[in-house]
Amino acid sequence: MTVMENNEEKKTGMSLIEQLRRENLKKDVPEFSVGDTLEVGVKIIEGGKERVQAFQGVVIARDGGGIAETITLRRVSHGQGVERIFPIHSPRIASFKVLRQGRVRRAKLYYLRDQVGAAAKIKEKRLH
């Protein structure tokens, strides 16, 4: 990079990497937080066909920022806990749908891994 290109970059205030990051950020992501129940539509390619598979679970963690932001969803399926980590701005994510807003007092809900049944229940947020 020459001195002139470097000065030009400083004037615009945005590097090429930053520009690519902003272009790839999704604009249709709803507002949600830890404790909310989400349904995430994931694009799956099987053979030559593409379909959308839904994964529903409670957000137990939200990490990173910008284009690298991820969420961890947890659900119990057939008595077995299942967790999946989704990059929010991934092109493989088709949709987000907030089903329930939970009221929690922690940023990470890893303690839910050790709880069973009604103990793992999250109170619903009142919207008054």
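## Salt bridges, core and surface of a predicted model

Lys108 has a relative accessible area of 31% and is therefore partly exposed. The structure that contains this residue is a predicted model. Lys108 pairs with Asp63 in a salt bridge, and Asp63, at 29% relative accessibility, is likewise classed as partly exposed.

### Salt bridges

In total, eight salt bridges are counted in the model. Three of them are set out below, with the distance between nitrogen and oxygen.

| Salt bridge | N to O distance |
|---|---|
| Asp63 and Lys108 | 3.1 Å |
| Glu83 and Arg113 | 2.8 Å |
| Arg100 and Glu124 | 3.3 Å |

The bridge between Asp63 and Lys108 links distant parts of the chain: Asp63 belongs to strand E2, while Lys108 lies in the segment after E5, and 45 residues separate the two.

In the bridge between Glu83 and Arg113, the closest N and O atoms are 2.8 Å apart. Glu83 is part of strand E4 and Arg113 is in the segment after E5, so this pair ties together parts that are 30 residues apart in sequence. Both side chains belong to partly exposed residues: the relative accessibility is 31% for Glu83 and 40% for Arg113.

The side chains of Arg100 and Glu124 also meet in a salt bridge. Here strand E5, which holds Arg100, is linked to the segment after E5, where Glu124 is found, and the partners are 24 residues apart. Arg100 is partly exposed at 28% relative accessibility, and Glu124 is partly exposed at 48%.

### The nonpolar core

Which residues have the most contacts inside the largest nonpolar core? They are Leu38, Val40, Ile71, Leu73, Phe86 and Phe96, in a core of 18 residues. Two or more residues of this core come from each of strand E1 (37-46), strand E2 (49-63), strand E3 (70-77) and E5. The largest share is that of E2, which gives four residues. In soluble globular proteins, nonpolar side chains tend to be buried together.

Strand E2 also contains Gly57. The relative accessibility of Gly57 is 4%, so this residue counts as buried. The C-alpha atom of Gly57 is separated by 8.5 Å from that of Val40, although the two residues are 17 apart along the chain. Val40 is one of the core residues with the most contacts.

### Exposed positions

Is His78 buried or exposed? With a relative accessible area of 84%, which is over the 50% limit, His78 is exposed. This residue occupies the loop between E3 and strand E4 (80-87). His78 has a positive phi of about 55°, although this residue is not a glycine.

Lys123 is another exposed residue, because its relative accessibility is 55%. Lys123 lies in the segment after strand E5 (93-100). On the surface, Lys123 gathers with Arg103, Arg105, Arg106 and Arg126 in a patch of positive charge.

### Summary

The segment after E5 supplies Lys108 for the bridge to Asp63 in strand E2, Arg113 for the bridge to Glu83 in strand E4, and Glu124 for the bridge to Arg100 in strand E5. Lys123, in the segment after E5, belongs to the patch of positive charge.

Notes:
Residues are numbered from 1 along each chain as its sequence is written. This is a predicted model: local features need pLDDT of at least 70, side-chain atom pairs count only at pLDDT 80 or more; totals for chains, interfaces and linings use all residues. Side-chain values use heavy atoms; hydrogens and water are left out. Patches are made of residues with over 30% relative accessible area and no salt bridge: like charges are joined within 9 Å, nonpolar side chains (Val, Leu, Ile, Met, Phe, Trp, Tyr) within 5 Å. Accessible areas come from the Shrake-Rupley method with a 1.4 Å probe; for residues, only the protein chains shown count as cover. A salt bridge is a side-chain nitrogen of Lys or Arg within 4 Å of a carboxyl oxygen of Asp or Glu. Lys and Arg count as positive and Asp and Glu as negative; His and the chain ends are not counted. The place of a charge is taken as NZ of Lys, CZ of Arg, CG of Asp or CD of Glu. Buried means under 20% relative accessible area, exposed over 50%, partly exposed in between (1.4 Å probe, protein chains only). A nonpolar core is a set of buried Ala, Val, Leu, Ile, Met, Phe, Trp, Tyr and Cys residues joined through side-chain atoms within 4.5 Å.
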